[in-house]
Amino acid sequence: MQSNSRRFRLLFIGAVLLCFAAVVLSLCLGSINFTPAQAVGGLLQKGEKTGINILRYARLPRTAACLASGTALSVSGAILQNVLSNKLASPGIIGVNAGAGLGVTICCALGNYYGLAVSLSAFLGSLITVTLICVFSGKTGASRTTVILCGVALNSILSAVSESVTVLNPDTAVLTAEFRVGGFSAVSTGRLLPASVLILAALLLCCTLFNELDVLTLGDESAQSVGLPAPAYRALFLVLAALLAGCAVSFAGLLGFIGLIVPHLVRKIAGNESRHLLPLCALFGAAFVTLCDLAARLVFLPYELPVGILMSVVGGPVFVWLLLRMKGGHRDA
Amino acid sequence: MLEVRHLSAGYGKTEILHDISFTAETGAVTTIIGCNGCGKSTLLRAICGVIPASAGGIRMDGDSVSALTRTGRARRAAFLAQGKNTPDITAGRMVLHGRFPHLSYPRKYKKADYEIAEAAMARLGIAHLADRPMAELSGGTRQKVYIAMALAQCAPIIIMDEPTSWLDIGQQLRFAEIARGLADDRKTVLLVLHDLLLALKISDSICVMENGRLLIQDTPAAILQSGIISQIYGVEVCRLQTECGIQYYYRM
């Protein structure tokens with residue numbers, strides 16, 4: 001047991017350093033480059049110079065959005081995989097992101113473009129989606145694969161409804177193509193701040209529930225035999241997963257793959273125990289999205305890709321590679 | 001001591017167990033036997049609160065379980081279920097989760113919990129497997145990990161559903177010694193076993209079930225003499241006094 005803890009400590013330190021490096025690079029590199037000293041100086045200085053404004057009003061919120069969404073979606077994916085006992089589950093695949101997207105679309109159609117209302121609408125949309133999936137799997141005793149297929153179907157339905165609302169209501173034109181694939185070029189602090197507070201609260205609560213999440217994976221009978229009310233805790237974790245994914249979608253759009261790729265990578269290098277899995281998912285997820293966003297900004301300068309496109313391009317093949325390498329991976333489906 | 005009185009329970013509106021009463025004494029091994037589908041596992045689930053009782057009552061060491069919290073019940077009775085998930089965690093962590101009912105929020109395992117878990121693994125001879133992932137272990141070894149988890153729960157009542165499934169014959173006999181050792185440690189041991197000969201050999205008391213009802217509870221010798229085994233299983237079991245003690249065998 002001690003060797004696992006030592007390995008975790010090393011990985012944790014590595015992840016923190018990677019995150020730090022990603023933040024520095026994200027702040028320093030772009031259409032205008034800064035040295036780390038210039039970036040720090042610019043953020044601390046007062047004034048209205050162009051460089052300072054870029055750092056303060058573009059790079060800093062964008063980097064914060066990358067960190068918050070990467071953390072939230074990765075942890076949400078890891079929780080969903082454990083609670084649904086299905087490693088193919090992730091907020092993007094089972095329709096949780098699409099539910100959150102519909103929530104944001106309806107919220108915008110009602111005239112609320114910023115603030116807590118957007119975050120809560122996204123949370124409500126993702127929560128309803130998760131509830132529908134759980135009701136379906138609970139009522140029908142559906143297999144793990146069926147649950148995923150049900151999520152995929154819900155994903156399509158919810159995306160179609162979102163598109164219909166966008167077409168029928170011109171006010172939702174603010175939801176650009178970038179929102180539908182996920183991106184940070186137009187991230188607003190009006191959406192980022194309330195969502196980040198909710199994400200932080202959900203993460204702190206998750207950090208006190210590592211053992212509960214692990215015991216839940218033992219199965220209902222075993223969980224209840226050690227005193228854990230399994231249905232209540234399953235509902236709590238699904239609410240937390242929906243809150244994390246919903247809040248991320250509210251400002252980052254429908255980012256795919258992150259909730260699938262990062263938990264898989266972390267499981268491979270650090271194992272499946274939640275006390276290791278969730279903190280490392282949070283850190284690696286934050287670093288992964290920040291670095292992907294940086295690449296999306298730099299590769300086609302002066303143009304930039306929405307990061308969601310880059311993630312799909314990178315994430316899809318990586319996921320297939322992981323599946324092929326996974327010994328006995330078919331058991332998890 | 002575990003007392004079950006006039007217990008009825010089932011799934012949804014379907015009642016599987018009808019008016020069941022029996023007692024599992026402290027310091028004794030009590031075994032429930034019966035044909036497939038007679039309600040043995042359902043009875044254990046009802047006792048452990050996995051499914052609700054529709055009538056009757058259960059007392060653990062004199063206290064009604066209806067007055068106990070879920071955690072309080074888990075501290076009184078450890079339950080090894082028949083169908084179990086294989087979580088993607090190490091064997092050591094799995095056994096450690098047996099200490100879960102003894103923690104309060106925010107639940108964090110302490111040094112004493114690690115020591116108890118390690119002792120439980122050592123008792124089963126699997127201490128060296130603490131860092132091995134559960135998915136990499138054989139069915140028999142995995143079963144030992146589950147048993148160690150139940151032992152780590154340190155409950156006065158230990159309830160196990162088919163604990164010898166997946167174990168080879170040597171391991172089954174080793175388990176029999178462990179069950180007897182637990183009873184000698186003044187634990188109440190309640191088992192469901194399909195192996196009649198093992199049940200007769202290790203039990204102090206046997207409950208025979210058929211179609212959701214308890215037909216009889218008595219000592220192995222009295223159960224054998226009553227002829228109820230041949231009545232419900234259609235096989236004849238004989239008893240033989242040997243230099244190694246009493247042995248049981250099937251007459252073909």
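This is a predicted model: local features need pLDDT of at least 70, side-chain atom pairs count only at pLDDT 80 or more; totals for chains, interfaces and linings use all residues.
Residues count from 1 along each chain as its sequence is written, and chains are lettered from A in the order in which they are written. Local features need pLDDT of at least 70, side-chain atom pairs count only at pLDDT 80 or more, totals for chains, interfaces and linings use all residues, and side-chain values use heavy atoms, with hydrogens and water left out.

**View 1. Where chain A meets chain B.** Here 28 residues of chain A are in contact with 34 residues of chain B (contact means heavy atoms within 4.5 Å). Together the two chains bury about 2,700 Å², with 52% of it on carbon and sulfur atoms; buried area is the accessible area, taken with a 1.4 Å probe, that two parts lose on being put together, summed over both. The rule finds 2 salt bridges across this interface, a salt bridge being a side-chain nitrogen of Lys or Arg within 4 Å of a carboxyl oxygen of Asp or Glu. Look for Arg45(B) and Glu221(A), whose side chains meet in a salt bridge at 2.2 Å, N to O. On the chain A side, helices H1 (2-28), H9 (210-216) and H10 (220-225) each supply at least two residues that touch chain B. Helices here are DSSP runs (H or I, at least four residues) and strands are too (E, at least two), numbered from the N terminus.

View 2. Pro87(B) sits in the loop between strand S6 (77-80) and helix H3 of chain B. Its relative accessibility is 3%, so it counts as buried (buried is under 20% relative accessible area, exposed over 50%, partly exposed in between, using a 1.4 Å probe and protein chains only). Leaving aside residues up to four places away in sequence, Pro87(B) touches Thr217(A), Leu218(A), Met94(B), Met134(B) and Tyr146(B).

**View 3. Helix H4 of chain B.** H4(B) runs over residues 111-123 and reaches 18 Å from its first C-alpha to its last, close to the 18 Å expected; the expected span is 1.5 Å times one less than the number of residues. Its buried residues are Asp113(B), Ala117(B), Ala120(B) and Met121(B). They cover an arc of only 100 degrees around the axis, which puts them on the same side of H4(B); the arc is that of the directions from the helix axis to the C-beta atoms. Helices H3 (91-96) and H5 (139-152) of chain B are among what covers them.

**View 4. From helix H6 to helix H4 in chain B.** The 16 residues of H6(B), 169-184, should span 22 Å, and the end C-alpha atoms are 23 Å apart, which agrees. Among the buried residues of H6(B) are Phe175(B), Ile178(B) and Leu182(B). In the loop between H6 and S8 you'll find Asp185(B), and in H4 Arg123(B), 62 residues apart. These two form a salt bridge, with the closest N and O atoms 3.4 Å apart. Asp185(B) is partly exposed, with a relative accessible area of 46%, and Arg123(B) counts as partly exposed at 31%.

**View 5. A salt-bridge network in chain A.** Arg62(A), Asp293(A), Arg297(A) and Glu304(A) are linked in a network of salt bridges. Arg62(A) pairs with Asp293(A), their closest N and O atoms being 2.9 Å apart. That pair links helix H3 (residues 50-83) to helix H13 (residues 274-298) of chain A, 231 residues apart. Arg62(A) counts as buried at 9% relative accessibility, and Asp293(A) does at 0%. Asp293(A) also meets Arg297(A) in a salt bridge (3.6 Å, N to O).
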